[in-house]
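Please read these points with the model open beside you.

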Amino acid sequence: MTRLAAERRHVVRFTLNGTPLEGEAEPRLLLSDFLRHQLGATGTHVGCEHGVCGACTITIDGALARACLMLAVQADGCALRTVEGLAPSPARLSVLQEALRRHHALQCGFCTAGILMSLDTYLRRHRNPSESDIRDLLSGHLCRCTGYTTIVRAALEAAAELANDLTSEDRNA
Amino acid sequence: MKPAPFDYVRAESLDEALDVLAREGGDARIIAGGQSLMPMLNMRLAKPKVLIDIMRIGEFARIDDANDRVTIGAGIRQATLLAWPDLKRRLALVALGLPWTGHAQTRSRGTVCGSIAHADPSAELPLMLLALSGAVHLRSRKHRRRVPAQDFFTGMMATTRADDELIEAVSFQAGTERCAFREVARRHGDFAIVACAAVASGHGVRLAVGGVADMPAARDFPRLAGAALDDALNGFAYDLGARDDLHASARHRRDLVRALGRELITEVLS
């Protein structure tokens, strides 16, 4: 059994987008605040802080999670991915990010980090999603700029593009 | 938003968790997936002195299917149950209702038992537990007891769980194939304005309703149709004691109980 005292800071170690990192956190510190304030990883946005808006969505050991509904100390030993890990290089966007840009699927961009994480995770497992699959997934996010239509369009196009890439890989293999 | 300070205990075994609960029960809260408790902590609606994390307790990560009951351990996440290959065959109602519980992004962490422990009157899992003659398996240092769903919920987010007890599992009656589920919410995945589940039972149908009263409620209806069914549903809708709130009026809720109830009962009896 491990007991972490309320008034002290405790070492937390995890990998963030493949890089091992560590910091210190009181038990009550939210993972979202730990990422932004201790580690300076401000790509993950903070909106409602009670799990409704979806802006802080990341993945923990491959599964989607609201970073505001998790304590930093709970992430100890886990593998975290955030929006900073999506682009293959600083000069190149991922297929999904590029599709969102092309379709004007963001305006203020506040919700985008979380939406990208949900879509990226989903499209890795579902090569041929329907529009209603995408809309169902997006129901876990609030966007107040786009009306979602362009996000759905971008996601479907990215899915088709990723499926094509995979097929041509298969053909060459 | 910042939760008030608390000690964080990572229990590696059931005994460790029960020891802490026995000593500090009234000041302690169990955290599993955290999808109900974390918002309460963030808004300081809950201010425990100790948080006991049970997600590393190996024996809680189990789904047991035996003797006509499916028992789901406290560590099973909603997404895990949704992906259980036997779900449709053994718990058809849960297969219908679970996709309405939160969103993919919260089901991936939220647990089945956690939602039942939280006992939100609009939540789908307490409603389905009631519809499927479910039970809550409670455990403390000293004893073990199994409470039927209809006795477990006692009011708005209130249950019979004692301070030194934790939910080690919940169990549902398995194999009830003739069932139906409907929900009306502002947005898919939000808490229900009204949610209804119907299950064929004996010579009739059991209808369970959530979102209307302080806790989910169920009633067994004999085989009825036409005006007789409408009258019976109207009686049930009034007996639930709906109140107006900012999401819907009491009358709208009664309308939904009558309309959804009729649809579901007709579907299950057809």
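**Notes on the chain contact and helix packing**

1. The area buried between chain B and chain A is about 3,000 Å², and carbon and sulfur atoms give 51% of it. Buried area is the accessible area (1.4 Å probe) that two parts lose on being put together, summed over both. In terms of residues, 37 of chain B are in contact with 35 of chain A, where contact means heavy atoms within 4.5 Å.

2. This is a predicted model, in which local features need pLDDT of at least 70 and side-chain atom pairs count only at pLDDT 80 or more, while totals for chains, interfaces and linings use all residues. Residues are numbered from 1 along each chain as its sequence is written, chains are lettered from A and ligands numbered from 1 in the order in which they are written, and side-chain values use heavy atoms, with hydrogens and water left out.

3. A:Arg3 forms a salt bridge with B:Glu24, with the closest N and O atoms 2.9 Å apart. A:Arg3 lies in strand β1 (residues 2-4) of chain A and B:Glu24 in helix α1 (residues 14-24) of chain B, so the pair joins two chains. Helices (H or I, at least four residues) and strands (E, at least two) are DSSP runs, numbered from the N terminus. The side chain of A:Arg3 also meets that of B:Asp7 in a salt bridge (3.1 Å, N to O).

4. Two packed helices are described by the angle between their axes and the distance between the axes. Axes are lines fitted to C-alpha atoms, for helices over the stretch in contact, and angles run from 0 to 180 degrees between N-to-C directions. In chain B, helix α10 (residues 226-239) and helix α11 (residues 250-269) pack at about 135°, with axes 9 Å apart. That makes α10(B) oblique to α11(B); angles under 35 degrees count as roughly parallel, over 145 as roughly antiparallel, 65 to 115 as roughly perpendicular and the rest as oblique.

5. The residues of the contact of α10(B) with α11(B) divide into seven nonpolar, four polar and four charged. Ala, Val, Leu, Ile, Met, Phe, Trp, Tyr, Cys and Pro count as nonpolar, Asp, Glu, Lys and Arg as charged, and the others, Gly among them, as polar.

6. In chain A, the axes of helix α3 (residues 112-125) and helix α4 (residues 131-138) come within 10 Å and cross at roughly 135°. That makes α3(A) oblique to α4(A). A:Ile115, A:Ser118, A:Leu119, A:Tyr122 and A:Leu123 in α3(A) meet A:Asp133, A:Ile134, A:Leu137 and A:Leu138 in α4(A). By class, this contact has seven nonpolar, one polar and one charged residues.

7. The axes of helix α2 (residues 95-102) of chain A and α3(A) come within 10 Å and cross at roughly 130°. α2(A) and α3(A) are therefore oblique to each other. A:Leu96, A:Gln97 and A:Leu100 of α2(A) make the contact with A:Thr112, A:Leu116, A:Leu119, A:Asp120 and A:Leu123 of α3(A).

Technical notes: Salt bridge = Lys/Arg side-chain N within 4 Å of Asp/Glu carboxyl O.
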